[in-house]
Amino acid sequence: MTACGLGILGVLGLIVYELLSGSKLSWHAFGFGFFAASDWDPVNQHFGALPFIFGTLVSSLLALIIAVPLSVGVAVFTTEMCPKALRGPLSFFVELLAAIPSVVYGLWAMFVLVPLLGQHVQPFLQKTLGWTTLFEGPAIGYSMLAAGIILAIMIIPIISSITREVLMVVPQHQREAVLALGATRWEMIRIGVLRNARAGIVGGIILGLGRALGETMAVTMVIGNSPQIAKSLFAPGYSMASVMANEFSEATGDVYISSLIEIGLALFLVTIIVNALAQLLVWTVTRGQPARGNA
Amino acid sequence: MPEVSANAALHSVPPISLSRRITDHAMTGVAVLTVLLVLTPLVAIFGYLVYRGVGAIDWAFLTQTPKPVGEAGGGMANAIVGSALILGIASIVGVPFGVGAGIYLAEFGRNRMGQAIRFTADVLNGVPSIVIGVAAYAMLVLHRHFSALAGGVALAIMMVPTISRTTEEMLLLVPQALREAAYGLGVPRWRTTLSITLRTATSGVITGVMLAFARVAGETAPLLFTTLGNSFWNLKIDQATAALPLQIYVYANSPYDDWHRQAWAGAFVLIVLIVTSVAAVRYAVRRGNFGAA
């Protein structure tokens, strides 16, 4: 048993070791410049990861912008508003979203979401909001926005289930106290519930972010896979996870493979920091510490 | 006079202003709207999947290997079997490892070491699947060749944190008195753990295993450059092997309508597999003794 327990430490150590030793070559070749250079040129053996970092960050942020209000709304509805009988089925359905494999999301997005965006949404946005220059480019649908939307759908179950948990540990007397002061139900939720659960909700959001940053298949299938930094939401992009997915099995040359492993290492470090932060925030709320409103 | 004072109390509460009432109703409306917006893609995905998938499954799909590029027909039989092989390897490696770690955490993990392992398991749980794939590639593929084993190990690593944390939770639910009773009868500690504690928590542990299984069954990213895929039958664990999610990915990206059809069929089979196991778990949990899964 002890061996198994220690084995978990060992596995993580092994992963770190393999990533470090695998990326050594590219680290020596490019140093810190690897993360600032924007040319990705396998032919001339020159590699820079900036377009992928940009793609990962922008698609994840888009996903958060879409997913956060929706997830919090769903969580508030299920804990505070809806009839008891609906509560179970509703959270079951939302969690069902989490059971769909990434590749199936990608499949659906390729055949439904992408054509929809390209043929209807983008022309419409260009006509009405064209002056923002956020929606320029040919209407092909494979884009940063498509990746953001599909990521949003994928992280909604995470954020909403954690938010729900956090809302449920807000003590009942908080709600009663606010109601007794004559608040309406919404005021009670805003003052008595959401404010107390703030730290935990932020934790859930960051956990969702961690998932979005590392998500691979669905993003690879819709983001367009073109290493560029474009301003338009409808321009194709590339993400750290998808460049690994696409190029790993075909990479030739040690520096090429090493560069891809270094991208993996970077992604690994970022997601670890993000997840540790999120765990900490969720713990402060659910581990019975007094919420900020009480103090 | 009680009635008068009650009346006075009622009147002293100022009426809720119109704008506050409107805000209240509006926010309820917004919340309902978010629920509808979230359920829309769920319905759309499942609806479209059934619409495209059910019609696409035929006998050939379930019994034949892929036809050469561009030719219609053929199926994913080798990919379904390949997935079973890879998931089998993952379970053989991951389940004992995860359960063992869970037992350690529950029975011997009330110390700093246990805390460190618990934290590591949570970290491991958050590592993107593709990064685990990269690590498995560096360990088992680089300088060797693509194999079902490498993919199975990658998936096993993904199963371990889920299994160990649920096992721990389930074991902690077993009443302390049960352990003490066993000790009182002179049963050694290891025997108590295995045949009393673990035995009592079996249904809960299985729940965790099934959840971990459902989670990795649809994983594609860690398989891309570990098992690679294969158009033919393969049952050797040291060879490149086809897997259902991989095949869906490859076919979805192809330009052929017939392959698109098969991708949908594959996705439908995959979803049925996963939803069935999740639903089975839910059912088992509701019937079993352990409510907190």
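1. Two residues count as in contact here if their C-beta atoms, placed from the backbone, lie within 7 Å. With that in hand, look at chain B: its domain bounds come from an automatic or database domain assignment, which gives domain 1 (16–56) and domain 2 (59–287). Five residues of domain 1 of chain B are in contact with seven residues of domain 2 of chain B. The C-alpha centres of these two domains of chain B are 33 Å apart.

2. Some housekeeping. This is a predicted model, in which local features need pLDDT of at least 70 and side-chain atom pairs count only at pLDDT 80 or more, while totals for chains, interfaces and linings use all residues. Residues are numbered from 1 along each chain as its sequence is written, and chains are lettered from A and ligands numbered from 1 in the order in which they are written.

3. On confidence, the predictor gives the complex an ipTM of 0.86 and a pTM of 0.88. Per residue we have pLDDT (the predictor's confidence in each residue, from 0 to 100). Chain A averages 87, with 96% of its residues scoring at least 70; chain B has a mean of 85, with 92% of its residues at 70 or more.

4. In chain A, the lowest mean among the elements belongs to strand 1 (residues 40–41), at 84, and the highest to helix 2, at 94. Residues 288–295 of chain A stay under 50, with seven contacts beyond four places in sequence.

5. Chain A has ten helices and two strands, running α-β-β-α-α-α-α-α-α-α-α-α along the sequence. Its C-alpha trace spans about 70 × 60 × 30 Å along the principal axes. Among contacts in chain A between residues at least 6 apart in sequence, 77% join residues at least 24 apart.

6. A residue is buried if 20 or more other C-beta atoms lie within 10 Å of its own, exposed if 12 or fewer, and partly exposed in between, with C-beta atoms placed from the backbone. On that count, 51% of the 295 residues of chain A are buried.

7. Leaving out residues up to four places away in sequence, A:Ile150 touches A:Tyr105, A:Ala109, A:Leu113, A:Ala218 and A:Val222.

8. The contact between the chains takes 69 residues from chain B and 60 residues from chain A. On the side of chain B that touches chain A, helix 2 of chain B gives the most, with 19 residues.

9. Have a look at A:Val94, in helix 3 (residues 84–99) of chain A. A:Val94 is buried, with 22 other C-beta atoms within 10 Å. Its contacts, not counting residues up to four places away in sequence, are A:Val74, A:Pro157, A:Ser160 and B:Val38. A:Ser71 is 23 residues from A:Val94 along the chain, and their C-alpha atoms are 9.6 Å apart.

10. A:Gln45 has a positive phi of about 60 degrees although it is not a glycine; A:Gln45 lies in the loop between strand 1 and strand 2 (46–47) of chain A. B:Leu228, also not a glycine, has a positive phi of about 70 degrees and lies in the loop between helix 10 (202–217) and helix 11 of chain B. Which of the two is buried, and which exposed? A:Gln45 is exposed, with 12 other C-beta atoms within 10 Å, whereas B:Leu228 is buried, with 21.

Methods
Helix = DSSP H or I, 4+ residues; strand = E, 2+ residues; numbered from the N terminus.
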